[in-house]
Amino acid sequence: MKNVDARGCACPEPVVMTRNALKQDPSSAVILVDNTCAVENITRFAHNSGYQVNVTKDGSEFKLTLKKQ
Amino acid sequence: MKKHLSVILTGAVIGIVALALVALGNPANMGICVACFIRDTAGALKLDSATTVQYVRPEIIGIILGSLILSLFRREFKPRGGSSPITRFILGIVVVIGALIFLGCPLRMLLRLGGGDLNALVGLVGFACGVGIGVLALNRGFSLKRAYSQSTLEGAGLPAMSIVLLVIALVFPSLLAFSTEGPGSMHAAVWASLAGGLIVGGMAQRSRFCMAGGIRDELLFKDFHLLWGSVSLLVVVVIGNLLLGKFHLGFNNQPIAHTDGVWNFLGMALVGWGSVLLGGCPLRQTVLSGEGNTDSAITVLGMLVGAALAYNFGLASSAKGVTFNGQIAVGVAALVLIAITLFNLNRKGEKA
C-alpha cells in the first residue's frame with residue numbers, strides 16, 4: 001500500500017499523485033489531502049477506476065483509503 | 001448523470017445569466033467575460049489609458065463575493081497560499097494577454113461560439129491544444145509546490161478589496177474612469193451585474209466549474225465530469241441566441257472579435273496552457289480567490305496588471321485585428337510558459 005501526502009497540492013495534482021501511486025501498487029493506497037475539492041476529485045477518479053473509497057476527517061484534513069473492488 | 005447535475009446546472013445558469021446581461025446592456029457575446037471585465041476594471045482604476053475599456057464590472061466583484069458567501073456557508077472558506085505566488089502572478093499576466101489577443105477568456109470563447117462566431121471555434125482548438133501541453137507537463141510531475149494555511153485576514157484580502165472597490169464605484173465614482181464609448185460604455189445596471197456575478201460565483205464555487213479543467217480531466221483521466229458543464233453552457237447559449245434571433249453563424253462581422261485565425265488559435269493556446277499550470281481557468285481562479293485561496297488572488301491581480309500592460313504596450317487586439325506588438329507578446333509569453341513549465345517539472349519523481 002502506497003501512502004501519498006497531497007496536502008497543500010492544488011487540483012488536479014492530488015489526483016495525478018493518486019493515479020501514480022496506484023500504478024505502483026494497484027491493490028490499495030492511502031491519500032492525505034486538506035481540501036474538499038481534492039476529496040471529491042480523488043473519489044470520482046477512484047470510482048471511475050474501480051476502487052472503493054473510505055474517507056475519514058481529521059480536523060481540517062482528510063484521509064482517503066482506496067481499495068480495489 | 002446525477003453526479004454531474006451540479007456542474008451541468010452551473011453551466012446552464014451561467015449561460016442564462018450571460019444572455020440576460022447582454023439583453024440588459026452588456027456588450028454582445030460578452031454577458032460575462034472574466035478577462036475582459038478584469039481589463040475594464042483595470043481601465044476604470046486608470047492603470048491604463050485606453051478610453052474605450054473603462055468600467056468597474058460588478059460581475060467580477062459578484063463572482064468573488066458569491067464564492068466567498070457560499071464557501072463561508074459551506075465551511076469551505078479556507079485561507080491558504082504560498083504555492084509559487086510570483087510564478088502565478090506572471091502566469092496571470094500571460095493568460096490575460098493570451099485572452100486579449102483572442103478577445104475573450106475561455107468563458108467568452110463559448111459565449112462567442114454560442115452566438116455563431118466561428119473564430120471562437122478556432123480559439124477553442126487552440127485552447128484544447130494549450131490544455132494538452134499543460135497535461136503533458138502534469139504527467140511529467142509539473143507542480144507549483146504546496147500551499148499552506150494562511151491567516152483569515154490574508155485569505156479575506158482580495159474579497160475585502162473588491163468590497164472597497166464596489167463602495168468606491170457606488171459612492172465616489174468620480175475617483176474612477178468610465179468609458180463613454182466602446183465596450184466599456186456598454187453595461188447592464190449595477191445591481192443586475194452584481195446579482196449575475198453573485199449567482200455565477202456561488203454556483204461555480206459549489207460545483208467547481210472550470211473551462212480548462214473540463215478538457216484537462218478528459219485528457220488526463222478520461223473524466224468527463226467538468227466537461228459536462230461547458231457542454232451545458234454552450235447548448236443553453238446556442239438555444240438562447242437562436243430564440244432571441246442573435247445567432248449569426250460565420251467568421252465575419254462578429255461582435256468584438258477579429259478574424260485572424262492564427263492569432264486566435266495561439267492566443268487561446270496560451271490561455272489553455274497557462275490555465276492548466278495554474279490549476280484552473282480565469283473564472284475558476286476568480287472563484288478560488290473568494291474561497292480564501294491567496295495563490296488565486298495573486299493570479300487575479302496578475303490578470304489585472306497584465307490587462308493594463310496589454311493596453312499600455314498595445315498588445316491587445318481589437319475588432320481591426322492583432323497588433324504587431326501583440327504578435328511579439330505571444331512569442332514572449334510562449335517562452336515564459338516554456339521556462340515556467342520546464343523549471344517546475346519533478347524530474348526525480350520525489351514527493352509523488
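This is a predicted model: local features need pLDDT of at least 70, side-chain atom pairs count only at pLDDT 80 or more; totals for chains, interfaces and linings use all residues.
## Helix packing in chain A

Two packed helices are described by the angle between their axes and the distance between the axes. Start with chain A. Helix H1 covers residues 13–24 and helix H2 covers residues 36–48. Their axes come within 9 Å of each other. They cross at roughly 35 degrees. The crossing of H1(A) and H2(A) is right-handed.

Which residues of the two helices meet? From H1(A) come Pro14(A), Val15(A), Thr18(A), Arg19(A) and Leu22(A). From H2(A) come Ala38(A), Asn41(A), Ile42(A) and Phe45(A). Sorted by class, this contact holds six nonpolar, two polar and one charged residues.

## Helix packing in chain B

Helix H5 runs over residues 106–114, and helix H11 over residues 225–244. The axes of H5(B) and H11(B) come within 8 Å and cross at roughly 40 degrees. This crossing is right-handed.

On the H5(B) side, the contact is made by Leu107(B), Leu110(B), Leu111(B), Leu113(B) and Gly114(B). On the H11(B) side, it is made by Ser230(B), Leu233(B), Leu234(B), Val237(B), Val238(B) and Asn241(B). How many charged residues does the contact of H5(B) with H11(B) have? There are none: the classes are eight nonpolar and three polar.

## The nonpolar cores

The largest nonpolar core has 104 residues. Five residues have the most contacts inside it: Ile31(A), Val33(A), Phe127(B), Leu233(B) and Leu283(B). Which helix gives the most to this core? Helix H4 of chain B, residues 85–102, does, with 10 residues. Another core, of 11 residues, lies apart from the largest one. Among its members are Leu65(B), Phe77(B), Ala169(B) and Leu194(B).

Now look at Leu283(B). Set aside its neighbours within four places in sequence. Leu283(B) is then in contact with Ile14(B), Val34(B), Ile63(B), Leu107(B), Val200(B) and Phe209(B). One of these, Leu107(B), also takes part in the contact between H5(B) and H11(B).

## A salt bridge between chains

Over all chains, the structure holds 11 salt bridges. One of them pairs the side chains of Arg146(B) and Asp5(A), at 3.6 Å from N to O. Why does this pair join two chains? Arg146(B) sits in a chain B loop, between helix H6 (119–139) and strand E2 (148–149), while Asp5(A) sits in strand E1 (residues 2–5) of chain A, so the bridge joins two chains.

Arg146(B) has a relative accessible area of 13%, so it counts as buried. Asp5(A) is partly exposed, at 28%. The pair belongs to a network of salt bridges linking Asp5(A), Arg7(A), Glu61(A) and Arg146(B).

Asp40(B) forms a salt bridge with Arg57(B). Their closest N and O atoms are 2.8 Å apart. The two residues are 17 residues apart, and the pair links distant parts of the chain. Asp40(B) lies in helix H2, residues 34–44 of chain B. Arg57(B) lies in the loop between H2 and H3 of chain B. Are these residues buried or exposed? Asp40(B) is buried, at 0% relative accessible area. Arg57(B) is buried too, at 0%.

Arg112(B) forms a salt bridge with Asp117(B). Here the closest N and O atoms are 2.8 Å apart. Arg112(B) is buried, with 0% relative accessibility. Asp117(B) is also buried, with 0%.

Find Ser67(B) in helix H3 of chain B, residues 58–73. Its relative accessible area is 0%, so Ser67(B) is buried. What does Ser67(B) touch, not counting residues up to four places away in sequence? The list is Gly201(B), Gly202(B), Gln205(B), Val287(B), Gly290(B) and Glu291(B).

Then find Met1(A), in the segment before E1 of chain A. Its relative accessible area is 52%, so Met1(A) is exposed. Met1(A) and Ala29(A) are 28 residues apart in sequence. In space, their C-alpha atoms are 5.1 Å apart. Not counting residues up to four places away in sequence, Met1(A) touches Asp25(A), Ser28(A), Ala29(A) and Val30(A).

Definitions and conventions: Residues are numbered from 1 along each chain as its sequence is written. Chains are lettered from A and ligands numbered from 1 in the order in which they are written. Side-chain values use heavy atoms; hydrogens and water are left out. Axes are lines fitted to C-alpha atoms, for helices over the stretch in contact, and angles run from 0 to 180 degrees between N-to-C directions. Helices (H or I, at least four residues) and strands (E, at least two) are DSSP runs, numbered from the N terminus. A crossing is left-handed if the near helix is turned anticlockwise from the far one by less than a right angle, and right-handed if clockwise. Contact means heavy atoms within 4.5 Å. Ala, Val, Leu, Ile, Met, Phe, Trp, Tyr, Cys and Pro count as nonpolar, Asp, Glu, Lys and Arg as charged, and the others, Gly among them, as polar. A nonpolar core is a set of buried Ala, Val, Leu, Ile, Met, Phe, Trp, Tyr and Cys residues joined through side-chain atoms within 4.5 Å. Buried means under 20% relative accessible area, exposed over 50%, partly exposed in between (1.4 Å probe, protein chains only). A salt bridge is a side-chain nitrogen of Lys or Arg within 4 Å of a carboxyl oxygen of Asp or Glu.
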